[in-house]
Amino acid sequence: MGDELVDDVVRAERKAVVLFAAAVVAAAVVVAGITIAGWGGGTLDNRIEPLFWAGAILGGLALALLGLATLPRRSAAIITALSRAGILLFLIAPTLCIVAIFVDYWI
């Protein structure tokens with residue numbers, strides 16, 4: 001019984017590390033592209049800019065949650081909950097940013 005619990009924790013930790021690494025790489029690629037292009041959220045219309053920054057903040061929070069899931073000595077349930085919350089926020093964040101950019105285009 002004890003070995004099964006350890007296996008579950010090890011499996012959850014591995015998944016959390018892979019998710020965190022993939023999320024960091026994805027975020028780094030996006031930030032690098034924006035930086036190289038010289039674009040910034042401040043170029044958006046003032047009515048839409050908060051939506052963009054809300055997405056950016058949620059993206060940072062998603063990375064923080066995924067990072068917390070990789071810390072050692074946590075139960076499999078906590079690792080899974082942090083990973084799921086991080087993935088959910090990581091899906092919502094770019095959606096908000098993209099919606100803000102498209103809405104700004106159409107204003």
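Is Arg 47 buried or exposed, and at what relative accessibility?

Reply: Arg 47 counts as exposed, because its relative accessibility is 61% and the cut-off for exposed is over 50%. Keep in mind that the model is predicted.

Arg 47 has a charged partner, Asp 45, with which it forms a salt bridge. The closest N and O atoms of the two are 2.9 Å apart. Side chains of opposite charge can pair when their charged atoms come close.

The whole structure holds 2 salt bridges. Asp 8 is partly exposed at 35% relative accessible area, and Arg 11 is partly exposed at 45%.

Together with Val 9 and Ala 12, Asp 8 is in contact with Ala 76, once the neighbours of Ala 76 within four places in sequence are left aside. Ala 76 and Ala 12 are both members of the largest nonpolar core, a group of 9 residues that also includes Leu 65, Ile 79 and Leu 89. Helix 1 (2-37), helix 2 (49-69) and helix 3 each give at least two residues to this core. The largest share, 4 residues, is supplied by helix 3. There is also a second, separate core of 5 residues, with Leu 44, Ile 48, Cys 97 and Ala 100 among them.

Next come the helices themselves. Helix 2 has 21 residues and spans 31 Å from first C-alpha to last, close to the expected 30 Å. Its buried residues include Glu 49, Phe 52, Gly 59 and Ala 62. Helix 3 has 31 residues and reaches 45 Å, close to the 45 Å expected. Among the buried residues of helix 3 are Ser 83, Gly 86, Ala 93 and Cys 97.

Not counting residues up to four places away in sequence, Gly 55 touches Ala 93, Leu 96 and Cys 97. Gly 55 and Gly 86 are 31 residues apart in sequence, and their C-alpha atoms are 13 Å apart in space.

Between helix 2 and helix 3 runs a loop that contains Arg 73. Although not a glycine, Arg 73 has a positive phi of about 65°. Arg 73 counts as exposed, at 83% relative accessibility.

Finally, some nonpolar side chains lie on the outside. Ile 98, Phe 102, Tyr 105 and Trp 106 form a nonpolar surface patch, and together they have about 570 Å² of accessible area. Phe 102 sits in helix 3, which covers residues 76-106. At a relative accessible area of 51%, Phe 102 is exposed, as is Arg 47 at 61%.

Technical notes:
Residues numbered from 1 in each chain as written. Predicted model: local features only at pLDDT ≥ 70, side-chain atom pairs only at ≥ 80, totals over all residues. Heavy atoms only, no water. Patch = residues over 30% accessible without salt bridge, like charges linked within 9 Å, V, L, I, M, F, W, Y side chains within 5 Å. Areas by Shrake-Rupley, 256 points an atom, 1.4 Å probe, with all protein chains shown as cover. Salt bridge = Lys/Arg side-chain N within 4 Å of Asp/Glu carboxyl O. Buried < 20%, exposed > 50% of the residue type's maximum accessible area, 1.4 Å probe, protein only. Core = buried A, V, L, I, M, F, W, Y, C linked by side-chain atoms within 4.5 Å. Contact = heavy atoms within 4.5 Å. Expected span 1.5 Å × (residues − 1).
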